Amino acid sequence: MADEFKKSDLEILVATTNRSSLDFLIPMFPFAHFSQFSILVINQTDAENLIISDYENVRVINSYEKGLSKSRNLALKNTIGKVALIADDDVVFLPGFDSKILEAHQRNADYSIICFQTLTSENRPYISYRKEQFWMKEKDFRDVLSIELTFKPEDLQKKNIIFNEYFGLGAKFQDAESLFFLRRANYNQLKVLFCPENIVIHEAFSSSDDVASDRLIYAKMAGFYKRYNSVAYFFLVKFIFFLVRKGYISFKKVIPKFKTGLKGIQDYKKLLKSKLENKYD
């Protein structure tokens, strides 16, 4: 049996932007000081806003790159944890979150990635989660939040599992970074587990909830083409109909929104022809 994980074996990988101090970490840990945890902060910033850490357990990389997936990949490359947890700078951790994560990885050593649950600030489940633990497949990845992802970095590094830097906030297609991350892991025979335990609190609204925005329609259709090829055109029609039926858009916006989705597909096809995305497949 493998040695039990210690608290220090878990490293929290926090993405943030334009910070000049670590004070933003204080509300993320309402039950303890953040320096009691192993943390790697990726601060995407400029020369005017740099963080210097005075805490042994808190490491900082100030990066001049932009894009959430680039931030995640820099963290993946530099983590020293035996187990790592993805985090954003607007989450609040629940007491005992670290024990839940380490115990789950100890019990399920065959799984490289374990996904947990999020509570809203109203103390409700962020989505409708399943009640039981289960081995996740591609159909289960769509609703996973990046802040629910924990993993063994060594397993990912062996298979070169990274985030697709063309997808995610700040990227060309601002959606679905967790989906394609998990999809890549699954294709490389890394097992993904769902554990029905709450570890973090996040506001109920997410940027991905703005379903009728041009940003999301453009990115979502690019993602559909990546997953389904030409069937994406059918999904585009279906999605526009869904937006009308649910009252998210009026009939006069159907054609502009359709063109936005079509542009997302066309631009992804151009990217595909350029082969620039090949390193993420």
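**Exposure, packing and contacts**

Reply: Asparagine 123 is exposed, with a relative accessible area of 58%. The model discussed here is a predicted one.

Me: Is alanine 176 buried or exposed?

Reply: Alanine 176 sits in the loop between helix H3 (153-159) and helix H4 (177-187). Its phi is positive, near 70°, in a residue other than glycine. The relative accessible area of alanine 176 is 18%, and the limit for a buried residue is under 20%. Alanine 176 is therefore buried.

Me: How many of the 11 residues of H4 are buried?

Reply: Among the buried residues of H4 are Leu179, Phe180, Phe181 and Leu182. Glu177, Arg183 and Arg184 are also included among them. H4 is largely enclosed by the rest of the structure, because the number of its residues that are buried is nine of the 11.

Me: Against which elements do the buried residues of H4 pack, and which residue with a positive phi follows H4?

Reply: The packing partners of the buried residues in H4 include the strands S6, S8 (149-151) and S9 (192-202). They also include the helices H1 (68-78), H3 and H5. After H4 comes a residue with a positive phi near 65°, glutamine 189.

Me: Which residues does phenylalanine 93 contact beyond its neighbours within four places in sequence?

Reply: Phenylalanine 93 is one of the residues touching the most other members of the largest nonpolar core. Leaving aside neighbours within four places in sequence, its contacts include Met28, Phe29, Pro30 and Phe31.

Me: What distance separates the C-alpha atoms of alanine 87 and valine 14?

Reply: Alanine 87 lies in strand S4 (residues 83-88), and its relative accessibility of 0% makes it buried. Beyond the neighbours within four places in sequence, alanine 87 is in contact with several residues, including Leu13, Val14, Ala15 and Phe93. Alanine 87 and valine 14 are 73 residues apart along the chain, yet their C-alpha atoms are separated by 4.7 Å.

Me: Is serine 112 buried or exposed?

Reply: Serine 112 occupies the loop between helix H2 (97-107) and S6. Not counting residues up to four places away in sequence, serine 112 touches His105, Thr150, Phe151, Lys152, Asp155, Leu156, Leu190 and Lys191. Its relative accessible area is 5%, so serine 112 is buried.

Me: Why is H6 described as roughly antiparallel to H7?

Reply: Helix H6 (residues 232-245) packs with helix H7 (residues 254-274) at an angle of about 150°, and their axes are 10 Å apart. Angles over 145 degrees count as roughly antiparallel. The direction of H6 relative to H7 is therefore roughly antiparallel.

Me: Which residues of H6 meet H7?

Reply: The crossing of H6 and H7 is right-handed. On the H7 side, the contact includes Phe258, Gly261, Leu262 and Ile265. The residues of H6 that meet them and the rest of the H7 side are Ala232, Tyr233, Leu236, Val237, Ile240 and Val244.

Me: What is the relative accessible area of serine 250?

Reply: Serine 250 is found in the loop between H6 and H7. The C-alpha atoms of serine 250 and methionine 28 are separated by 40 Å. Serine 250 counts as partly exposed because its relative accessible area is 31%.

How values were computed
Residues are numbered from 1 along each chain as its sequence is written. This is a predicted model: local features need pLDDT of at least 70, side-chain atom pairs count only at pLDDT 80 or more; totals for chains, interfaces and linings use all residues. Side-chain values use heavy atoms; hydrogens and water are left out. Axes are lines fitted to C-alpha atoms, for helices over the stretch in contact, and angles run from 0 to 180 degrees between N-to-C directions. Helices (H or I, at least four residues) and strands (E, at least two) are DSSP runs, numbered from the N terminus. Angles under 35 degrees count as roughly parallel, over 145 as roughly antiparallel, 65 to 115 as roughly perpendicular and the rest as oblique. A crossing is left-handed if the near helix is turned anticlockwise from the far one by less than a right angle, and right-handed if clockwise. Contact means heavy atoms within 4.5 Å. Buried means under 20% relative accessible area, exposed over 50%, partly exposed in between (1.4 Å probe, protein chains only). A nonpolar core is a set of buried Ala, Val, Leu, Ile, Met, Phe, Trp, Tyr and Cys residues joined through side-chain atoms within 4.5 Å.
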